[in-house]
Amino acid sequence: MHTPPSDDLATPETAASAPQPAEPEGPRRVASPWRGRVMAAGLMLAALNLRPAVTSLGPLLEEVRDGLGMSGTVAGVLTSVPAACFALFGLTAPRLARRWGPGAVVCAGLAAIATGLLLRPFAGGTVVFLAASALALAGIAVSNILMPVIVKRWFPDRVGAMTGLYSMGLSLGTAAAAAATVPMTDALGGSWRSGLGVWALLAVVALVPWLFLARAGASGPEAGGTDTEAPAAAETAAAPAGAPAMRVTRSPLAWAMAVFFGFQATAAYISMGWMPQIFRDAGVSASTSGLLLAVMMAMGVPLAFVLPRIAARLRHQGVLVVILGVFGLTGYAGLWLAPAEGAWAWAVLLGIANCAFPLALTMIGMRTRTHAGVVRLSAFAQSVGYLLSIPGPLLVGVLYQHSGGWGQPLALMAGFMVPQIVAGVLAGRDRHLEDEG
């Protein structure tokens, strides 16, 4: 979700390899309250922009397909593009953050999101539309990777709470795009181009605090700090005595986390790309289908704030993984049996199941002892996970195209839930990346 020379960092296992100047040991805390408040606001605004590029497309997918002349299979490729971009561009995040600082990289990412969303409505064909989408998704990808890093560095004693805050923002942005895109499209004259392009304004707003944070050095509480690695002395103190360094690709924990992340991402992007179409094919109107997707995403607003707090209090998060998986399996069964009659119930159940995302982010922070560890695990788990998730939406599109119905695609979706549960239980065990020598 590959190993170039170490001086050309592009892989998570080398993300923390460069020597760092020693600094005093002890937890890092925000040096000034106002900077902490600006950082919290920046996290929230950035999170609001990490999904509208995807969920604004789902309710209008049929109109976009007609306007650009896409087949069902090509539309399936389109729904797989987010995961592919997140995997590809996410690999560059550690290197960029080490060179420029995570605050500057997130700021640049938001600029890319705004530019891509602004250009996408002017696409005259599928290739240009995909290119503009890829630019926006590249900005989302690097921000996805660096959000846990920034939280771990700025708020080391509030990882669960701050992860919950930006997960809530992410869910809120996801739900708002799903619910409001069709009404805004109608209000702006009925063109899908206007309905998609308006979301660039949200990214422009989010740029404001990050322009300040990037100039102030948003990589850590110290003014002007731009390093993205934990100090060498603190790393040594936090790691077990005599523990040898290891490549993250050899860590069973890292692979379990990547597989868990990959399958929850598969479910999320299938939902965001195809769920409105499932409801529309069952006889539900386009606007109601968008609202149903919004309900799914909105379930993450309260749960994304609460779930990380609960997870942070548990030694083993496997029980939460199983509970979310059961909700997902029940929702898919309901869609197969009565997609229109129980549409609102299935949207709620699948929305709860999709809260595996904030749980995965919380577990990344909990499964590491050091800042360098969270950089490596976040980059590896998210990049490999998104790579694993690429075929899912595409396979759903192919099955839908060739079977002419949703029985086989829904069976595939339910089948994906089984390895997600198994990998999540393994990743949720009380252990740390740095302990695996």
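Trainee: Is cysteine 355 buried or exposed?
Mentor: This is a predicted model, where local features need pLDDT of at least 70, side-chain atom pairs count only at pLDDT 80 or more, and totals for chains, interfaces and linings use all residues. Residues are numbered from 1 along each chain as its sequence is written, and side-chain values use heavy atoms, with hydrogens and water left out. Buried means under 20% relative accessible area, exposed over 50%, and partly exposed in between (1.4 Å probe, protein chains only). Cysteine 355 has a relative accessible area of 2%, so the residue counts as buried.

Trainee: And what is the relative accessible area of cysteine 107?
Mentor: Cysteine 107 is classed as buried too. Its relative accessible area is 10%.

Trainee: How many disulfides does the structure hold?
Mentor: A disulfide is a covalent bond between the sulfur atoms of two cysteines. Here the test is a pair of cysteine sulfur atoms within 2.5 Å. By that test, the number of disulfides in the structure is zero.

Trainee: How many residues of helix H16 are buried?
Mentor: Helices (H or I, at least four residues) and strands (E, at least two) are DSSP runs, numbered from the N terminus. H16 spans residues 343-353 and is mostly covered. Among its buried residues are Trp346, Leu349, Leu350 and Ile352. Of the eleven residues in H16, the buried ones number eight.

Trainee: Which helices do those buried residues pack against?
Mentor: Contact means heavy atoms within 4.5 Å. The buried residues of H16 pack against helix H12 (252-281), helix H13 (286-298), helix H14 (300-313), H15 and helix H17 (356-366).

Trainee: How many helices and strands does the chain have, and what share of its residues is buried?
Mentor: The chain has 20 helices and zero strands. Its length is 437 residues, and the buried share is 58%.

Trainee: Where does proline 59 lie, and is the residue buried or exposed?
Mentor: Proline 59 sits in the loop between helix H2 (52-55) and helix H3 (61-68). Beyond its neighbours within four places in sequence, proline 59 touches Ala178, Val182, Pro276, Arg280, Gly290 and Leu293. The C-alpha atoms of proline 59 and alanine 294 are 9.9 Å apart, although 235 residues separate them along the chain. With 2% relative accessibility, proline 59 is buried.

Trainee: How many salt bridges are there?
Mentor: Side chains of opposite charge can pair when their charged atoms come close. The rule asks for a side-chain nitrogen of Lys or Arg within 4 Å of a carboxyl oxygen of Asp or Glu. The count by this rule is five.

Trainee: Which residues are linked in a network of salt bridges?
Mentor: Arginine 315 and aspartate 430 meet at 2.7 Å, N to O. Arginine 315 is in the loop between H14 and H15 and aspartate 430 in the segment after H20, so this pair ties together parts 115 residues apart in sequence. Aspartate 430 also meets arginine 367, at 3.9 Å, N to O. The linked residues are Arg315, Arg367 and Asp430.

Trainee: Within that group, is arginine 367 buried or exposed?
Mentor: Arginine 315 counts as exposed at 63% relative accessibility, while aspartate 430 is partly exposed at 37%. Arginine 367, at 1%, is buried.

Trainee: What is the N to O distance between arginine 369 and aspartate 435?
Mentor: Arginine 369 is partly exposed at 38%, and aspartate 435 is partly exposed at 35%. Their side chains form a salt bridge with an N to O distance of 2.8 Å.

Trainee: Which residues form a nonpolar patch on the surface?
Mentor: Patches are made of residues with over 30% relative accessible area and no salt bridge; like charges are joined within 9 Å, nonpolar side chains (Val, Leu, Ile, Met, Phe, Trp, Tyr) within 5 Å. Leucine 426, in helix H20 (residues 407-427), is partly exposed at 39%. By the Shrake-Rupley method with a 1.4 Å probe, where only the protein chains shown count as cover for residues, the patch has about 250 Å² of accessible area together. Its members are Val418, Val422 and Leu426.

Trainee: Where is confidence lowest and highest in the chain?
Mentor: pLDDT is the predictor's confidence in each residue, from 0 to 100, and the chain averages 80. Where pLDDT is low, the predicted coordinates should not be read in detail. Confidence is lowest in helix H11 (residues 232-238), at a mean of 35, and highest in helix H15 (residues 318-337), at 96.
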